[in-house]
Amino acid sequence: MKKNIGISPNIETFFGTRDENVRLLEDGLNITVNLRSNAIELEGAARDVARAEQVFADYESLQRSGYSFNNGDLNSMLRVLTSDPNATLRGLADAGRQRSFGRRTVQPKSNNQRRYLEAIEKHDMVFGIGPAGTGKTYLAVAMAISALLAKRVNRIILARPAVEAGERLGFLPGTLQDKIDPYLRPLYDALYDMLDPEKVDRYLEKNVIEIAPIAFMRGRTLNDSFVILDEAQNTTSEQMKMFVTRLGFNSKAVITGDITQIDLPNARRSGLLEAIEVLKNVQGLAFVHFDESDVVRHQLVQRIVRAYDEHKTRVAEQQMLLLTEARSADAAGEKSMSSLLITDEKPPSMEIKG
């Protein structure tokens, strides 16, 4: 099926750098888009062409209403739209406008990020699990700020385990707070990115926003709070149990972590790994798993994450092959040894004739 739609003003902004948005729409919807002198030609199955036509109509309508797409927002929305048959461009744009993230507009850049935001809205406790760069911490902080500005909570508490990735905490200069601050810096970065620095400093001074190591959480009950535990893969089993039982009335908790980057001396004792197994059937909480397709940093990061995953798979296969060969060698050795054992047969007699 072919269909021509009119060219709206500033439609060239839809196409993106090197037509990347159009290529994304073509690959995602199985259609062909051609720009003619006076129209845009869409070709493909009737249902796919209808969806593409709706995308262009929504884009024109959003532009007329003054909506602006910033920092690759359109590309991100198209990725979500092509992976979710029920999503529309207007629906994704309106969902972003409904949330107040301070001075930033935050749009989910993948379907899993969208599920993550929806899970945080619907559940009191959410686990975000996946590799670095998937937006787990950033989006959790954004949702916390949204809840604070909308007065749904009275404070934000951001916690992290102070576990060293190869370094030793005691060798850092300064007071205990000075030693701990480097481990909490990613949380500070997200706050300063979404709120004016003066407002962040004021909130920190008044403990409206509190940032602390998880060890400082023991014995507390957190009411009217949005609590985030970052780098949860480095919590012990005891710390994780302590944290998930801190939740008070009218509170939310988001636990983020990457189970491939555990810095504990014994990785098997990770509280996050245990929580995934123990809490998987508990009603009222949600698990959202990310993969390398959700990485929103430099495209090279996606390829790096994928390379590490492939390397891990190859190593596991090689170890299994070596184990199989070793077992085969052992079996062959046992067989050869058994052939050398003395049997019950008598050797042939030798008769000497005189």
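Where in the chain is threonine 236 found? Threonine 236 sits in the loop between β7 (225-229) and α10 (237-244). The model discussed here is predicted. The chain's secondary structure comes to 12 helices and nine strands. Of the 354 residues in the chain, 42% are buried. Take contacts between residues at least 6 apart in sequence: 72% of them join residues at least 24 apart.

**Threonine 236**

- Threonine 236 is buried, because its relative accessible area is 19% and the cut-off for buried is under 20%.
- Its contacts, leaving aside neighbours within four places in sequence, are Leu264, Arg269 and Gly271.
- Helix α11 covers residues 271-278, and Gly271 is one of the residues that threonine 236 touches.

**Leucine 272**

- Leucine 272 belongs to helix α11 (residues 271-278).
- Is leucine 272 buried or exposed? Leucine 272 is buried, with a relative accessible area of 0%.
- Neighbours within four places in sequence aside, leucine 272 is in contact with Phe127, Ala232, Gln233, Thr235, Met240, Ile255, Gly257, Asp258 and Ile259.
- Ile255, one of these contacts, is also the bridge partner of leucine 229 in β8.
- Threonine 256 is 16 residues from leucine 272 in sequence, and the two C-alpha atoms are 8.9 Å apart in space.

**The six-stranded sheet**

- Six strands make an open sheet with parallel pairing, in the order β6-β5-β7-β8-β4-β9.
- The edges are β6 (209-213) and β9 (285-289); each has a single partner strand, so one side of each is left without a neighbour in the sheet.
- Direction ignored, neighbouring strands of this sheet are turned by 15 degrees against each other on average.
- β7 and strand β8 (residues 252-257) run parallel and are joined by four bridges.
- Within β8, isoleucine 255 is the bridge partner of leucine 229.
- Helix α6 (residues 111-122) packs on this sheet and touches β4 (125-129), β7, β8 and β9. The direction of α6 makes about 170 degrees with that of β9.
- Helix α7 (residues 136-149) also packs on the sheet, touching β4, β5 (155-160), β6, β7 and β8. The direction of α7 makes about 170 degrees with that of β7.

**The three-stranded sheet**

- Three strands form an open sheet in the order β1-β3-β2, and the pairing is antiparallel.
- β1 (2-6) and β2 (32-35) are the edge strands, each pairing on one side only.
- Four bridges link β2 to strand β3 (residues 39-43) in the antiparallel sense.
- Valine 33 stands opposite leucine 42 in β3.
- Helix α3 (residues 46-64) packs on this sheet, with contacts to β1, β2 and β3. The direction of α3 makes about 150 degrees with that of β3.

**Helix α3**

- What is the span of α3 from its first C-alpha to its last? The 19 residues of α3 reach 27 Å, close to the 27 Å expected at 1.5 Å a residue.
- Its buried residues are Asp48, Val49, Arg51, Ala52, Val55, Phe56, Asp58, Tyr59 and Leu62.

**Helix α2 and its contact with α4**

- The axes of helix α2 (residues 20-29) and helix α4 (residues 73-83) come within 9 Å and cross at roughly 5 degrees.
- Angles under 35 degrees count as roughly parallel, so α2 is roughly parallel to α4.
- From α2, Glu20, Asn21, Leu24, Leu25, Gly28 and Leu29 meet Leu74, Asn75, Leu78, Arg79 and Thr82 of α4.
- By class, this contact has five nonpolar, four polar and two charged residues.
- The buried residues of α2 are Asn21, Val22, Leu24, Leu25, Glu26 and Leu29.
- What covers the buried residues of α2? The cover includes α1 (12-15), β2, α3 and α4.
- Asparagine 30 follows α2 and has a positive phi, near 60 degrees.

Key:
Residues numbered from 1 in each chain as written. Predicted model: local features only at pLDDT ≥ 70, side-chain atom pairs only at ≥ 80, totals over all residues. Heavy atoms only, no water. Pairing = 2+ DSSP bridges. Helix = DSSP H or I, 4+ residues; strand = E, 2+ residues; numbered from the N terminus. Contact = heavy atoms within 4.5 Å. Axes fitted to C-alpha atoms, helices over the stretch in contact; angles between N-to-C directions. Parallel < 35°, antiparallel > 145°, perpendicular 65-115°, else oblique. Nonpolar A, V, L, I, M, F, W, Y, C, P; charged D, E, K, R; others polar. Expected span 1.5 Å × (residues − 1). Buried < 20%, exposed > 50% of the residue type's maximum accessible area, 1.4 Å probe, protein only.
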